[in-house]
Amino acid sequence: MSIITDLTRMWLTRSVKPFTFRSEYDQTLPFAQCQDLGLYVHIPFCKQICAFCPYCKELYAPDRCARYLDALLREIHLVGGQSPGKKRATSLYFGGGTPALAADRLAQLIAALEEHFIITQGVGVELHPDNVTVPTLQALKRAGVTKLSIGIQSFQPEHQRTLGRPAPDRAAMAEALSQVPFETVSMDFIFALPGQTLDHLRADLDAAFQCGANHVAIYPFIDFSFTSSAVPPMSRREKRALLDGITRWCLERGCTRTSIWTFSRGGAGYSSMTRDNFLGFGCSAATLLRDQFKINTFDLDEYCKRVNGGALPTALTLRFTPRQRMVYYLFWTAYSTKVDAEAFARFFGVHLHAMYGLELRLAKRLGLVTEENGVYEMTLKGAFYYHYYESFYTLSYIDKMWGLLRAQPFPDRMEL
Ligand SMILES: C[S@@+](CC[C@H](N)C(=O)[O-])C[C@H]1O[C@@H](n2cnc3c(N)ncnc32)[C@H](O)[C@@H]1O
Ligand code: SF4
């Protein structure tokens, strides 16, 4: 598996040098000069733990959650206070875990962030279907939340059983969402589950739109090495048929493809990933800046200890070589299915064709992308191969990084 990602990395970075993460970190983060800065806040509590889920989370306990949120406020002020005045930030996303469990304290967290940042494109929050109730939605709305992302996974009983998730109450969700509307209501689904057909996925998305969703995310099931789920993998051919089939179906129904796995109705958007730069707060949260990527400790107690002692909870920092940063940029920008040569040139000060002209010509020749006025757009075939490659990346990079950080709060070093 890692041979594919290693060779790709060497080819695209023109170097055998791996991505090297070290335990050192900057106490002052250089974000003041970053354009298009996103904000992410991680809240790692859930009322039920799903066996297949790789995220940093633990069972909800009110006291532990309160202690964590106090530390989170400290980290926000520690980092936010490093930039003079208020810095413009495009978006703010709360992920988890199940951040809606802290609905009554989100207003306080948002106010703390607004002391340092001007948030221009709204606030998003992840919910479990059980959180889709009128009181919780009202609390989120009062706090300033504008976008919801609800983890449905599947409306089909057989796939809910496979994933060990309870059946969401569709009628109750639809009623609550109609009483307390939001600009974006996104619903997450998982595909490539055993026995899943295109009809199942179509029925899922129909049900989502009927319940009030205007955005859907369809994630391929990933079997992480450190999770205990026993879901058998689907063959590449079947996966491709499902992904192509559901993409065509969404496009025929007037949806716009907003990324490899997301589709929108009426211009709604929900994406915490496709940002040029972002600051992450909370345990396991990552930060991406012009020349570095850093990730916080996954250990909640160590996180609180570090922050309460006035230090950043960074576990590992990767300082990019210029080519490594370009590859990282292209990988995540391509996730939106489009790469704009002009935006690349603005970000790096060099033309995309000068750096990757050969690769782009090859991708065009192979029918993976089309080009119009310097904007490269993935074809259906290109999107499938990106998706396919992304699963190698997830298993060789994210799985390894998260696996190590779950085992050690502050590892010395890691190479990818
Ligand atoms: C933090 S959870 C969403 C909110 C809430 N905790 C819930 O489960 O309803 C984020 C999303 O990641 C996706 N996810 C989790 N584990 C996955 C896996 N092993 N493979 C693919 N997607 C996964 C699910 O679609 C899930 O809704
Ligand atoms: S899928 Fe959601 S509810 Fe389940 S463990 Fe992961 S974050 Fe928690």
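1. The open sheet of 3 strands has the order β18-β20-β19, and its pairing is antiparallel. Strands here are DSSP runs of E with at least two residues, helices are runs of H or I with at least four, and both are numbered from the N terminus; two strands count as paired if DSSP finds at least two bridges between them. Because β18 (338–340) and β19 (369–372) stand at the edges with a single partner strand each, one side of each is left without a neighbour in the sheet. From one strand to the next the twist averages 20°, with axes taken as lines fitted to C-alpha atoms and angles running from 0 to 180 degrees between N-to-C directions.

2. The model is a predicted one, in which local features need pLDDT of at least 70 and side-chain atom pairs count only at pLDDT 80 or more, whereas totals for chains, interfaces and linings use all residues. Residues are numbered from 1 along each chain as its sequence is written, while chains are lettered from A and ligands numbered from 1 in the order in which they are written.

3. Within the β18-β20-β19 sheet, β19 is joined to β20 (residues 375–378) by 4 bridges in the antiparallel sense. E371 has Y376 of β20 as its bridge partner. N373 is exposed, with 7 other C-beta atoms within 10 Å. The burial classes rest on C-beta atoms placed from the backbone: a residue is buried if 20 or more others lie within 10 Å of its own, exposed if 12 or fewer, and partly exposed in between.

4. A positive phi of about 50° is also found at D36, again not a glycine. D36 belongs to the loop between β1 (20–22) and β2 (37–43). With 15 other C-beta atoms within 10 Å, D36 is partly exposed.

5. How many residues of strand β8 (residues 123–127) are buried? The count is 5 of the 5, so β8 is largely enclosed by the rest of the structure. In a regular strand the side chains alternate between the two faces of the sheet. Both faces of β8 are covered, with V123, V125 and L127 buried on one side and G124 and E126 buried on the other.

6. The neighbours of β8 can be described in turn. β6 and β8 run parallel and are joined by 3 bridges, with F94 opposite V125 of β8. β8 and β9 also run parallel, over 4 bridges, and G124 stands opposite K147 in β9. The chain passes from β8 through helix α4 (residues 134–143) to β9 in a right-handed β-α-β crossover; right-handed denotes a clockwise path from the first strand over the helix to the second, with the strands pointing away from the viewer.

7. Strand β11 (residues 215–220) is mostly covered, 5 of its 6 residues being buried. β11 pairs in the parallel sense with β10 (residues 184–191) over 6 bridges, and S186 has H215 of β11 as its bridge partner. The chain reaches β11 from β10 through helix α7 (residues 198–211), in a β-α-β crossover that is right-handed. β11 is also joined to β13 (residues 262–264) by 3 bridges, these strands running antiparallel. V216 stands opposite F263 in β13.

8. Which residues are closest to ligand 1? They are H128, G151, D188, Y219 and I222, out of 19 that surround ligand 1; a residue belongs to such a shell if its C-beta atom, placed from the backbone, lies within 6 Å of the molecule. β6 (92–96), β9 (147–153) and β10 each give two or more residues to the shell around ligand 1. This shell divides into 10 nonpolar, 7 polar and 2 charged residues. Ala, Val, Leu, Ile, Met, Phe, Trp, Tyr, Cys and Pro count as nonpolar, Asp, Glu, Lys and Arg as charged, and the others, Gly among them, as polar.

9. Around ligand 2 the residues include C46, C50, C53, G96, G97, H128 and G151. The shell around ligand 2 comprises 5 nonpolar, 6 polar and 1 charged residue. G96 and G97 are joined by a cis peptide bond, with omega about 15°. G97 lies in the loop between β6 and α3 (103–114).
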